[in-house]
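Here are some notes to read alongside the structure, written as numbered points. Take them one at a time, and keep the viewer open while you do.

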There are 2 protein chains.
Amino acid sequence: MQQRMLDQYKEQQPYLLALDSIIFGFDGESLKVLLVKRGVEEKTWSLMGGWLQPNEGLEQAAARILFDLTGLSNVYLEQLYAFGDPQRDPIVRTISVAYFSLVKIADYETKISEAFQARWFSIYDLPPLLFDHGDMVDLAIKRLRYKAAQHPLGFELLPEKFTIPQLKKLYDAVYNTEFDKRNFSRKILSTNLLIKLDEKQKGFSKRGAYFYQVDSSKYREINNSFLNFIPTSELAF
Amino acid sequence: MQQRMLDQYKEQQPYLLALDSIIFGFDGESLKVLLVKRGVEEKTWSLMGGWLQPNEGLEQAAARILFDLTGLSNVYLEQLYAFGDPQRDPIVRTISVAYFSLVKIADYETKISEAFQARWFSIYDLPPLLFDHGDMVDLAIKRLRYKAAQHPLGFELLPEKFTIPQLKKLYDAVYNTEFDKRNFSRKILSTNLLIKLDEKQKGFSKRGAYFYQVDSSKYREINNSFLNFIPTSELAF
DNA sequence: TCAAAAGTGTTAACCATACACCCATGA
DNA sequence: TCATGGGTGTATGGTTAACACTTTTGA
């Protein structure tokens, strides 16, 4: 019986398992995705990716690859979808588990660009991508919109301190629309998730906008509930 | 360069890839999950699962396994999550892509029970499960609740023709609560997704309830938008 | 002083929720 | 005739969404 068990496993075909990450950033104007030209396919832009190692969990591997390639750690990382079309990698059949990640673009931009052939692309102006990476990005954008509509994810894309107008611009970019600033700030502030700081942003506007920061204790507890952030009329998936 | 490419693939460790399905059904009273005792581990209940074949996509494989084991086809099937903890299968490292499925329990019950060691378990009374299958079920329940709150999934669990009271009982079971029947029927009917039939259900109640059926053209188009089915106050994830 | 962005308040329509009574029928 | 479940309506409070003016300050 023990033997039968092992035999059943041995008959099975194993597959390569890759991880690919859709890394989102926000530069103050538009929503961007970080792409690289990597070793295997030097001519085509692709997502950051790598192989699962024998001692790693999936998310752990995705985090490692993200760290190895960008120096980023402690970032928002969520499993997106497993892609397994038999033809997706024309060389060897590979299953890819895609993760999407939200990073604070300003903290890391220079490091990334120096260390790798990496570039931020606007989600509305993407180059052709390797394999099914284009599908992965499309799905990731859908998922980001879906999730950010009801959970306070947006902050992950902004610096620790940010202004309400900055946050609104982020949501404008994510949903490719223009929210009403009065309703937007009322809705955001009504969550009680933001702490107003004494400091004002200098340089961008004459008047200057107050900085806010996330109340991290509330943030963690609220991330698993519904918030209804975004006007329902703006949503269509 | 072509050689370097192949080498890079060859160095990589491949893994077994399994598919496991959480199959939900509704018997009119409570939400159930279909479990089997399968060959490899005959003593423990487990989800229905199988191995990815070389020529199959992931969802295709999940559908095949579901069909092979139960005779069910054309059922609601959605990818849930990829599970890849290094220790999850103690015999050989296996990545499992879990799918969840919604089936019309009445259509198939007898076939299933005859052909396999399969049994429906209430989600509140599950036996110990193989490997991490318990986690898979937990996640599937969360996902079902999450999704059914805003998308009209519920119908997948009922026969073609059903009554509003039946539908309410289903939602009561899914959310383990009791919805107000007046508000419930108003909300459901306001979607314009249901077509009232002339026929009444006989036998269950004295008065009899009208049968409805899903307007399938509207159903498809609406499944990708938000509906806000469930009172917000009932939700907590 | 003026241009540019920040900040704030009101109203009307709609939606969510709570709640109670009559109806149809088989036993 | 009565018990059981089916079916409907209304009132209240809260939320959404549309909308415009004042404030601050650097150039």
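1. Let's begin with Ile22(A) and the residues around it in this predicted model. Which residues does Ile22(A) touch, once neighbours within four places in sequence are left aside? The contacts are Val33(A), Leu47(A), Leu80(A), Ala98(A), Phe100(A), Ser101(A), Met136(A), Val137(A) and Ala140(A).

2. The largest nonpolar core contains 117 residues. Ile22(A) and Ile22(B) are the ones with the most contacts inside this core.

3. Chain A has 237 residues, and 33% of them count as buried. Take the contacts between residues at least 6 apart in sequence: in chain A, 67% of these join residues at least 24 apart.

4. Next, please look at two helices of chain A. Two packed helices are described by the angle between their axes and the distance between the axes. Helix α5 (residues 164-175) of chain A packs against helix α6 (residues 181-190) of chain A at about 105 degrees, and the axes are 10 Å apart. Angles of 65 to 115 degrees count as roughly perpendicular, and α5(A) and α6(A) are therefore described that way. On the α5(A) side the contact is made by Ile164(A), Leu167(A) and Lys168(A), and on the α6(A) side by Lys181(A), Phe184(A), Ser185(A) and Ile188(A). Sorted by class, the contact has 4 nonpolar, 1 polar and 2 charged residues.

5. Chain B has a helix pair to examine too. Here α5 (residues 164-175) of chain B and α6(B) pack at an angle of about 105 degrees, with 10 Å between their axes. That angle makes α5(B) roughly perpendicular to α6(B). Ile164(B), Leu167(B) and Lys168(B) of α5(B) meet Lys181(B), Phe184(B), Ser185(B) and Ile188(B) of α6(B). By class, 4 nonpolar, 1 polar and 2 charged residues take part in the contact of α5(B) with α6(B).

6. On to the sheets. Strands of a sheet pair through backbone hydrogen bonds, either parallel or antiparallel. In chain A, an open sheet of 3 strands has the order β8-β10-β9, and its pairing is antiparallel. The edge strands of this sheet are β8 (162-163) and β9 (194-200) of chain A, each of which pairs on one side only. Strand β8(A) is joined to β10 (residues 210-214) of chain A by 2 bridges.

7. Strand β8(B) is joined by 4 bridges to β9 (residues 210-214) of chain B, while β7(B) and β9(B) pair over 2 bridges. Opposite Leu194(B) stands Val214(B) in β9(B), Ile195(B) has Gln213(B) as its bridge partner, and Phe162(B) stands opposite Tyr212(B).

8. Most residues other than glycine have a negative phi, and most peptide bonds are trans. Asn74(B), however, has a positive phi, near 60 degrees. Asn74(B) sits in the loop between α2 (58-70) and β4 (76-83) of chain B, and it counts as exposed because it has 8 C-beta neighbours inside 10 Å. Phi of Asn192(B) is also positive, near 60 degrees. Asn192(B) belongs to the loop between α6 (181-190) and β8 of chain B, and its 10 C-beta neighbours inside 10 Å are why it counts as exposed.

9. Finally, is Arg88(B) exposed, partly exposed or buried? Arg88(B) has 17 C-beta neighbours inside 10 Å, so it counts as partly exposed. Its place is in the loop between β4 and β5 (94-102) of chain B. Beyond its neighbours within four places in sequence, Arg88(B) is in contact with Phe83(B), Phe131(B) and Asp132(B). Arg88(B) and Leu130(B) are 42 residues apart along the chain, and their C-alpha atoms are separated by 9.6 Å.

Note on methods:
Residues are numbered from 1 along each chain as its sequence is written. Chains are lettered from A and ligands numbered from 1 in the order in which they are written. This is a predicted model: local features need pLDDT of at least 70, side-chain atom pairs count only at pLDDT 80 or more; totals for chains, interfaces and linings use all residues. A nonpolar core is a set of buried Ala, Val, Leu, Ile, Met, Phe, Trp, Tyr and Cys residues joined through C-beta atoms within 7 Å. A residue is buried if 20 or more other C-beta atoms lie within 10 Å of its own, exposed if 12 or fewer, and partly exposed in between; C-beta atoms are placed from the backbone. Two residues are in contact if their C-beta atoms, placed from the backbone, lie within 7 Å. Two strands pair if DSSP finds at least two bridges between them. Axes are lines fitted to C-alpha atoms, for helices over the stretch in contact, and angles run from 0 to 180 degrees between N-to-C directions. Angles under 35 degrees count as roughly parallel, over 145 as roughly antiparallel, 65 to 115 as roughly perpendicular and the rest as oblique. Ala, Val, Leu, Ile, Met, Phe, Trp, Tyr, Cys and Pro count as nonpolar, Asp, Glu, Lys and Arg as charged, and the others, Gly among them, as polar.
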